[in-house]
Amino acid sequence: MKWISGAAGALVLLLVLRSIVRTLVVPRGLYSGLVYRLWWGLRRVLCIAASRGGYPAIDRAQTWLAPLMLIGMLAFWLGGAFAGFGLVLHAVSPLSWSTAFREAGSSLFTLGFAGGGRLRLSALDFAAAATGPVVIALQIAYLPTLYAAYNRRELEVTLLQSRAGEPAWGPEILARQWLVDTETALPDLYRAWERLAADMGESHATYPVLLAFRSPRPYRSWLVGLVAVMDAAALQLALNPRTAPPEARLVLRAGFTALRDIALSVRAPADSDPAPDTPIQLTFDEFEAAVRMLETTGFRAERGTKEAWPHFHGWRVNYEAVAYELCRRCDAVPALWTGPRDFPGESIPPLRPVDRRPGQGRPELPPTAG
């Protein structure tokens, strides 16, 4: 049985080392099976625990997903190293099972109370003693990278709130700009989100645990915000092809490229080159209702609704399916035009502040379509 113990211990150590290196040292957005299953399992448990409370309960529960992921990763790595070294020490020495694991724990966590004159075990003890601090140090160095990316992301998400409402919605972005005559600011918005999309495509694909970090406010979401900005750009290009800024095309390209890169890192299906006539879930009636709402704000379309629909469809087909899948997996706020969720509930429209100018009230708008 000694060789079985040694082989099993070596295999466990190899798997732990592979997971650590792929996640912390040379990240390529490809989680090990261990970490991927941990993420999936924790999410399911949290969703089940909050399943009867609707989205607010889901959001409160999922707030714990990211910290539990980080703690779970560390616990699995240290626990795996402890098991692996214990098995190997038992295999190469006359130590009993309890003594072998006692010595492995002593070396791994640098307690130093278990040892002796067994010189042939010194190499294993030294390796175990180095493993614990190295894993913890790598995890500590990992956190600033995550939080720096998180802060960059949430800054733009917070700035978007005044333009898109909570939760964000693409037609609402255009409506608010035309309501207050700030439509000339749209190119700057598209440029900012083009850079943010590129940033998120790199950081969130490299460190997919960032997908589990939720915004501080329950009705804000980086993913919903990105979809809203892309929808606004697609609407503007479809309805006003002559006056739409070129930045609208750039943010769309950066956006769906980032979504596909992120989807690849979390093993979500993503069509890299969908046909323009591929069906989408958003209906023409929903599109038409949004255009009518825009017209009440002073927006003037160069194309009719029916003429613009194929063009909007052609843009949205590039990102709708992958965006809906990521929104579902991330349990994002169920905003308009972001697809179904795994929990029950209706789509939540954005709230628009009341017009407080003297003598003017809030414009009467048609109801939005979910």
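Me: Contact means heavy atoms within 4.5 Å. Which residues does Thr305 touch, leaving out residues up to four places away in sequence?

Reply: Thr305 touches Phe284, Phe287, Glu288 and Val291. A caution before we go on. This is a predicted model: local features need pLDDT of at least 70, side-chain atom pairs count only at pLDDT 80 or more, and totals for chains, interfaces and linings use all residues. Residues are numbered from 1 along each chain as its sequence is written, and side-chain values use heavy atoms, with hydrogens and water left out.

Me: Why is Thr305 called buried?

Reply: Buried means under 20% relative accessible area, exposed over 50%, and partly exposed in between (1.4 Å probe, protein chains only). Thr305 has 19%, so Thr305 is buried.

Me: What makes Pro279 exposed?

Reply: Its relative accessibility is 71%, which is over 50%, so Pro279 counts as exposed. Pro279 lies in the loop between α10 and α11. Its C-alpha atom is 9.7 Å from that of Gly314, 35 residues apart along the chain.

Me: Where does Thr305 lie, and how many helices does the protein have?

Reply: Thr305 lies in helix α12, residues 305-316. The protein has 13 helices and zero strands. Helices (H or I, at least four residues) and strands (E, at least two) are DSSP runs, numbered from the N terminus.

Me: Why is helix α13 said to be largely enclosed by the rest of the structure?

Reply: Seven of its 10 residues are buried, so α13 is largely enclosed. They are Glu320, Val322, Ala323, Tyr324, Glu325, Leu326 and Cys327. What covers them includes α9, α10 and α12.

Me: Which peptide bond is cis?

Reply: The bond from Glu166 to Pro167, with omega near -10 degrees. Pro167 is found in the loop between α6 and α7.

Me: What makes a set of residues a nonpolar core?

Reply: Its members are buried Ala, Val, Leu, Ile, Met, Phe, Trp, Tyr and Cys residues, joined through side-chain atoms within 4.5 Å. The largest such core here has 97 residues. Ile173, Tyr190, Trp193, Leu259 and Phe312 touch the most other members. The largest share, 15 residues, comes from α9. A second, separate core of 10 residues includes Ala81, Val88, Ala100 and Ala128.

Me: How do α9 and α10 pack?

Reply: Their angle is about 145 degrees, with the axes 9 Å apart. Axes are lines fitted to C-alpha atoms, for helices over the stretch in contact, and angles run from 0 to 180 degrees between N-to-C directions. Among the contact residues are Trp222 and Leu226 of α9, and Arg249, Gly255 and Phe256 of α10.

Me: How do the residues of this contact divide?

Reply: 14 are nonpolar, one is polar and one is charged. Ala, Val, Leu, Ile, Met, Phe, Trp, Tyr, Cys and Pro count as nonpolar, Asp, Glu, Lys and Arg as charged, and the others, Gly among them, as polar.
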